[in-house]
Amino acid sequence: MSSPSLWVWLSTLRGLSQSAVPTLLEHFGSPTEIYSAPVAEIAELLGGEDKAEPFKNKNLAQADRILGQCATLGIGVITMQDAAYPDRLKNIPDPPCVLYVKGRLPSFDLYPAIAVVGTRKPSAYGLYAAKTISAELADAGVIIVSGMAAGCDSAAHSGALHAGRPTVAVLGCGPDICYPRESTLIYSDIPVHGAIVSEYPPGTAPTRLSFPRRNRIISGLSNGILVAEAPEKSGALITADLALAQGRDVYAVPGNIDSPGSSGGNRLIKQGAKLVTGAADILEDLIPVYGTQMSLRPVIPPETENDPYLSGGHIEIYRPEPEPQSAGASEKEESASTPEEKILALLKRGYMYLDDIISATGLGSDEVNVALTMLELDGSVSALPGNVFGIIK
């Protein structure tokens, strides 16, 4: 068996292709053998000296520092050789070498799991569907997996917490970082009934690339994936594609045919995803595999309007009066040169709906959405359900 330091060393080498580590583990068998292998042999296996360059670094100081930090923070470290590492995840094409766990990882090898995903800006219908179905599934014995993003992800976790059952959030940053920042309450409560999981060591900030990468873990931990609500271009659909590639079942909640926010989910149903109107539609696929001890009991539909996990409590919305931009803009707004600066100047007045931001800035909807995404990644702005945005205090 390889030491945890060698697993962390392997997982933190920079400049590797996604297929490099699985290829090397299949050939050499363990990080110990990879660490000891001649760089020339690794280069031949990976198809080039440049691809083997990272393996010239034999320094384990960073790995030992990460393990010490995890011990201090109370974060568990599970490697692919450990019994606690889920078999389902181990069998995907590109499994993470290491899982950093805050809380207690449920037994994925004994119980079914469903990933529930969807748009970060859902309708009330999408929130209700994600939370209610997740609560029913969790109550029936299903582990709920999601990404703790605003909107449908948080609603899914909230549903499991409402049922007092395990839920797992997979992050695109270190497990010690609460992202998005407004999810502080749900981030604190998830480890009580489950775990915060990441392949990134503590202190790793979120990036644009880390979120698509974490999606393969969300689907890899699960028997199937439920898309609660998603527009045509949505990260939830990327996760659904990954699920299909991993041989997982794909489920989708149907939406209004006139709603752009439901177009992605409706398309999945047209392409063969199973239509879901309640947890029973998913449980009928799981019960033959996991036994008749799983059953659907009546669950009181959990409310979403006053859910502190979804909104952090009551907020006041700023609604600007219709007026010409030149007359109504403040001096600072006039001098703002970038879309991000214009939006920040507006949001200093209070939380605002997306449509009001677009109208008040005079920018195009695509430009505003890109700017808001950048501000969220930067930690300047938070997104709440219902297309509401505000500055993080």
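# Close-up views of a predicted model

View 1. Setting aside neighbours within four places in sequence, S158 is in contact with K131, I186, D307, Y309 and L310. The structure shown here and in the other views is a predicted model. S158 belongs to helix α9. With a relative accessibility of 2%, S158 counts as buried, because the cut-off for a buried residue is under 20% relative accessible area.

**View 2. Packing of helix α1 on helix α6.** Helix α1 spans residues 4–12 and helix α6 spans residues 61–73; their axes lie 8 Å apart, and the two helices pack at an angle of about 110°. This angle makes α1 roughly perpendicular to α6. The crossing of α1 past α6 is right-handed. On the side of α1, the contact is made by P4, S5, V8, W9 and T12, and on the side of α6 by Q62, A63, D64, I66 and L67. Sorted by class, the contact of α1 with α6 comprises 6 nonpolar, 3 polar and 1 charged residues.

**View 3. Strand order in the open sheet.** The sheet is open and has 9 strands with mixed pairing, in the order β1-β2-β6-β5-β4-β3-β7-β8-β9. Strands β1 (76–79) and β9 (274–275) stand at the edges; each has a single partner strand, so one side of each is left without a neighbour in the sheet. Strands β1 and β2 pair in the antiparallel sense over 4 bridges. Within this pairing, the bridge partner of I78 is L99 in β2. Helix α11 (residues 210–220) packs on the sheet and touches β3, β4 and β5, and the direction of α11 makes about 155° with that of β5.

**View 4. Strand β7 and its two partners.** Strand β3 (residues 113–117) pairs with β7 in the parallel sense over 4 bridges. In this pairing, I225 of β7 is the bridge partner of A115. The pairing of β7 with β8 is also in the parallel sense and has 4 bridges. Here V227 stands opposite A252 in β8. Are the two faces of β7 covered or uncovered? Both faces are covered: G224 and L226 on one side, and I225 and V227 on the other, are all buried.

**View 5. Helix α13 and the elements against which it packs.** Which residues of helix α13 (residues 263–270) are buried? They are G264, G265, N266 and L268. These buried residues of α13 pack against β7 (224–227), α12 (235–245) and β8 (249–252). After α13 comes G272, which has a positive phi, near 120°.

**View 6. Packing of helix α11 on helix α12.** The axes of α11 and α12 come within 9 Å of each other and cross at roughly 50°. The two helices are therefore oblique to each other. The crossing of α11 past α12 is right-handed. Residues P212, N215, R216, I218 and S219 of α11 meet G235, I238, T239, L242 and A243 of α12 in the contact. By class, this contact of α11 with α12 holds 5 nonpolar, 4 polar and 1 charged residues.

**View 7. The loop residue D94.** D94 is placed in the loop between α7 (87–90) and β2 (98–103). Is D94 buried or exposed? D94 is buried, with a relative accessible area of 12%. Residues up to four places away in sequence are not counted here; beyond them, D94 touches Q18, P22, R213 and R216.

View 8. Most residues other than glycine have a negative phi, and most peptide bonds are trans. M148, a residue other than glycine, has a positive phi, near 60°. M148 is found in the loop between β4 (143–146) and α9 (152–162). The relative accessible area of M148 is 0%, and M148 is buried. In another part of the chain, the peptide bond from Y179 to P180 is cis, with omega near 0°. P180 lies in the loop between β5 (167–170) and α10 (184–193).

How values were computed: Residues numbered from 1 in each chain as written. Predicted model: local features only at pLDDT ≥ 70, side-chain atom pairs only at ≥ 80, totals over all residues. Heavy atoms only, no water. Axes fitted to C-alpha atoms, helices over the stretch in contact; angles between N-to-C directions. Parallel < 35°, antiparallel > 145°, perpendicular 65-115°, else oblique. Left-handed = near helix turned anticlockwise from the far one by under 90°. Contact = heavy atoms within 4.5 Å. Nonpolar A, V, L, I, M, F, W, Y, C, P; charged D, E, K, R; others polar. Buried < 20%, exposed > 50% of the residue type's maximum accessible area, 1.4 Å probe, protein only. Pairing = 2+ DSSP bridges.
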